[in-house]
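Visitor: I have a model open here and would like some practice in reading it. Could you walk me through a few features?
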Amino acid sequence: MPELCRLPRVGAMVGLAELVVVIVMLVPDAATPVTLGRFLSASGLALWLALGVTALLCVLREPLARFRPREGAWLALGLAWLAALIGSGVVHALFAVTGSGPLGQGIGFWRFSLGCATTVALISALALRYFYVSDRWAAQTQANARAEADALQARIRPHFLFNSMNLIASLLRRDPLVAEQAVLDLSDLFRAALGAGEGDSTLRNECELAERYLSIESLRLGERLAVQWARGEDLPWDLPMPRLVLQPLVENAVLHGISRLPEGGVITLSLRREGAWLRIGILNPAPDPAAAAAGDPLGRGAGHAQASIAHRLAYRFGPGARVTAGWSGGYYACEIALPLS
């Protein structure tokens with residue numbers, strides 16, 4: 001049973017009711033020409049019935065949800081029809097007392113009441129079907145986003161774990177403090193990966209997670225890896241974001257860029273606010289993907305991670321969110337654009 005206790009859906013029901021009024025007013029009728037009073041009366045009737053039926057289905061949503069989908073749908077339409085029948089009957093009685101009518105003169109009680117009730121039932125059926133499909137689509141989208149977030153738990157590859165553990169083991173005697181910090185960074189990284197599908201992160205947390213990942217990789221790559229941060233002013237550090245958005249892109253920059261160049265390079269991460277937009281950029285030197293060997297998995301890159309992140313950001317921020325990337329002149333650039341309004 002779709003949820004109707006939300007302001008947008010109440011507005012949709014009211015809008016559908018008013019649309020029916022406009023259509024009825026457009027029907028040629030020489031006996032009862034369209035007047036402002038007639039339009040206002042019909043609109044009042046439509047809004048009365050729409051709000052009444054919506055409130056009824058909102059209150060009875062849980063009891064109706066206990067039935068099978070088909071039975072619950074027919075019962076909901078039956079209740080909408082009955083409520084509209086009673087409501088329109090009351091309105092007809094009031095108009096009979098005043099000697100006027102919302103849809104014209106001389107309309108009998110049963111014709112008026114049954115016509116209104118049947119129209120309300122048809123409109124309710126269309127609205128409930130649309131809301132049902134919309135809810136299913138939203139649930140499927142959320143499930144896909146959750147599945148992709150869960151799949152990112154495997155983004156921290158086994159070889160990275162093994163390399164990190166070997167690195168920590170080699171540091172234990174030589175530099176215990178650095179080894180301890182590496183263990184803490186690795187712990188935070190895997191904690192974030194295991195909770196990729198649970199709730200939201202923030203811009204600050206995503207940047208800190210990327211820093212921890214780069215800290216571990218810098219111990220492994222040494223002077224081959226340098227990192228530059230360019231943080232603009234007035235950044236929304238508490239902006240809610242999906243988990244594991246920045247770290248996989250930074251991992252791509254290391255795995256497909258820096259680690260494949262004998263001389264290494266500099267990864268530049270920029271964060272800036274441009275009006276109502278937040279832009280996050282990652283720039284790193286990388287070999288030409290077109291020149292990579294066809295059988296080299298590193299040469300093919302990891303476009304699935306970018307597609308997954310783009311999908312989750314679009315689900316969280318709407319279709320305005322963008323993830324763009326491309327190679328040019330020896331550098332690979334990836335940018336995230338998020339609407340803040």
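Guide: Happy to. One definition to start: helices here are DSSP runs of H or I with at least four residues, numbered from the N terminus. Keep in mind too that this is a predicted model.

Visitor: Fine. Where is Ser88 found?

Guide: Ser88 sits in helix 4, which covers residues 69-98.

Visitor: And is Ser88 buried or exposed?

Guide: The cut-off for buried is under 20% relative accessible area. Ser88 has 0% relative accessibility, so it counts as buried.

Visitor: What lies 2.7 Å from a polar atom of the Ser88 side chain?

Guide: That's the backbone oxygen of Ala84. Setting aside neighbours within four places in sequence, Ser88 also touches Leu49, Phe112, Ser113 and Cys116. Of these, Leu49 is one of the buried residues of helix 2, and Cys116 is buried as well, with a relative accessible area of 11%.

Visitor: Helix 2, then. How do I check the span of a helix?

Visitor: Next, cysteines. How many disulfides does the structure hold?

Guide: The general idea is that a disulfide is a covalent bond between the sulfur atoms of two cysteines. This structure holds one, and it joins Cys5 to Cys58, with an S to S distance of 1.4 Å. The two cysteines are 53 residues apart and link distant parts of the chain: Cys5 is in the segment before helix 1 (7-26), while Cys58 belongs to helix 2 (residues 36-59).

Visitor: What is the handedness of the disulfide of Cys5 and Cys58?

Guide: The torsion about the S-S bond is about 110 degrees, so the disulfide is right-handed. As for accessibility, Cys5 counts as partly exposed because its value is 40%, and Cys58 counts as partly exposed at 22%. Cys207, by contrast, is buried at 3%.

Visitor: Last one: strands. In which sense do strand 6 and strand 7 pair?

Guide: In a regular strand the side chains alternate between the two faces of the sheet. Here, strand 6 (residues 322-328) and strand 7 (residues 331-339) run antiparallel, paired over seven bridges.

Visitor: Which residue takes a positive phi in the hairpin of strand 6 and strand 7?

Guide: Look at Gly329, with a phi near 60 degrees; the hairpin has two residues between the strands.

Technical notes: Residues are numbered from 1 along each chain as its sequence is written. This is a predicted model: local features need pLDDT of at least 70, side-chain atom pairs count only at pLDDT 80 or more; totals for chains, interfaces and linings use all residues. Side-chain values use heavy atoms; hydrogens and water are left out. Two strands pair if DSSP finds at least two bridges between them. A disulfide is a pair of cysteine sulfur atoms within 2.5 Å. Buried means under 20% relative accessible area, exposed over 50%, partly exposed in between (1.4 Å probe, protein chains only). A polar contact is a pair of N or O atoms within 3.5 Å; within protein, one must be able to donate a hydrogen and the other to accept it, and residues adjacent in sequence count only if both atoms are side-chain atoms. Contact means heavy atoms within 4.5 Å.
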